[in-house]
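Here is a short report on the fold of one protein chain.

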Amino acid sequence: MTEVYFVRHAQSDHSISDNRTRPLTEDGLRDSKAVTWVLADKGIDFLISSPYKRSMDTIGDLAETLGLSIHTDEDFRERNTGNLNGEDIFRFAEKQWADFDCKKEDGESFHEAQQRNIRALNRVLAEHNGEKIVIATHGMALSTILSYYYPEFDFSCFMKIVDFMPFVIRLDFDGEKCVNSQVELVIRKEYKGR
């Protein structure tokens, strides 16, 4: 059995527009300590993250506490919405949930993001079979993974977790088959990217 703890990042500072370098807010930095509190005694073997600063910073304290390095994988990055031209991000997300192939010309479809995230997850599962793994990721990226294993996870489910920052959910795998899930941590913070 492989245990994967998916960590959706803590609250990030939306005054910084660059998606890759956007840091956590002060609250987010404080809340990331709860991730350490929940996961420090789980026997974690491996840490991997989206290369985005907010994800890496959310598990930074955990990495320091455990004495582990944070590996990164570009495929765990957040979905590229493309240029929304002023369109509300949640209305666009709802369109993408209704049609997994919907995308802006310069963006990424839900289906493309899901394939990318599952490809990365399957690599981790193959390389770290039987281990306990932490994957630091993003709200929509995590939602694509949850939707893959739990088809009933839809737009309304995504909207329930959009204000969970950080959010930790454990998925248990037998090979590549997800056999169980368990929510480990929920901290409610307002999503500031509206």
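Helices and strands here are DSSP runs, numbered from the N terminus; a helix has at least four residues and a strand at least two. On that basis, the chain reads β-α-β-α-α-β-α-α-β-α-α-β-β along its sequence. That gives seven helices and six strands. The radius of gyration is 16 Å, close to the 16 Å that the globule rule gives for 194 residues, so the chain is as compact as a globular protein of that length. Note that this is a predicted model.

**Overall layout**

The C-alpha trace spans about 45 × 35 × 25 Å along its principal axes. Of the 194 residues, 52% count as buried. Take the contacts with a separation of 6 or more: residues 24 or more positions apart account for 69% of them. The accessible surface comes to about 9000 Å², and carbon and sulfur atoms hold 45% of that.

Helix H5 covers residues 110–127. Does its length agree or disagree with its 18 residues? At 1.5 Å a residue, H5 should span 26 Å, and its end C-alpha atoms are 26 Å apart, which agrees.

The buried residues of H5 include Phe110, Ile118, Leu121, Val124 and Leu125. What covers them? The cover of the buried H5 residues includes strands E1 (2–8), E2 (46–49), E4 (132–137) and E5 (164–174), along with helices H4 (89–98) and H6 (139–149).

H6 is itself mostly covered, with 10 of its 11 residues buried. Among the buried residues of H6 are Gly139, Met140, Leu142, Ile145, Leu146 and Tyr149.

Asp31 lies in helix H1 (residues 26–39). Is Asp31 buried or exposed? Its relative accessible area is 13%, and buried means under 20%, so Asp31 is buried. Leaving out residues up to four places away in sequence, Asp31 touches Met165, Pro166, Ile187 and Lys189.

Met165 and Pro166 are joined by a cis peptide bond, with omega about 0°. Most peptide bonds are trans. Pro166 lies in strand E5, and E5 is also part of the cover over the buried residues of H5.

**Two loop residues**

Asn83 is found in the loop between strand E3 (70–72) and H4. Thr21 sits in the loop between E1 and H1.

| Pair | Apart in sequence | C-alpha to C-alpha |
|---|---|---|
| Asn83 and Gly107 | 24 residues | 7.2 Å |
| Thr21 and Tyr52 | 31 residues | 6.2 Å |

Asn83 has 42% relative accessibility and counts as partly exposed. Thr21, at 44%, counts as partly exposed as well. The class applies because partly exposed lies between the 20% limit for buried and the 50% limit for exposed.

Asn83 touches Lys104 and Asp106. Thr21 touches Ile16 and Lys53.

How values were computed:
Residues are numbered from 1 along each chain as its sequence is written. This is a predicted model: local features need pLDDT of at least 70, side-chain atom pairs count only at pLDDT 80 or more; totals for chains, interfaces and linings use all residues. Side-chain values use heavy atoms; hydrogens and water are left out. The expected span of a helix is 1.5 Å times one less than its number of residues. Buried means under 20% relative accessible area, exposed over 50%, partly exposed in between (1.4 Å probe, protein chains only). Contact means heavy atoms within 4.5 Å. The radius of gyration is taken over C-alpha atoms; the globule rule is 2.2 Å times the number of residues to the power 0.38. Accessible areas come from the Shrake-Rupley method with a 1.4 Å probe; for residues, only the protein chains shown count as cover.
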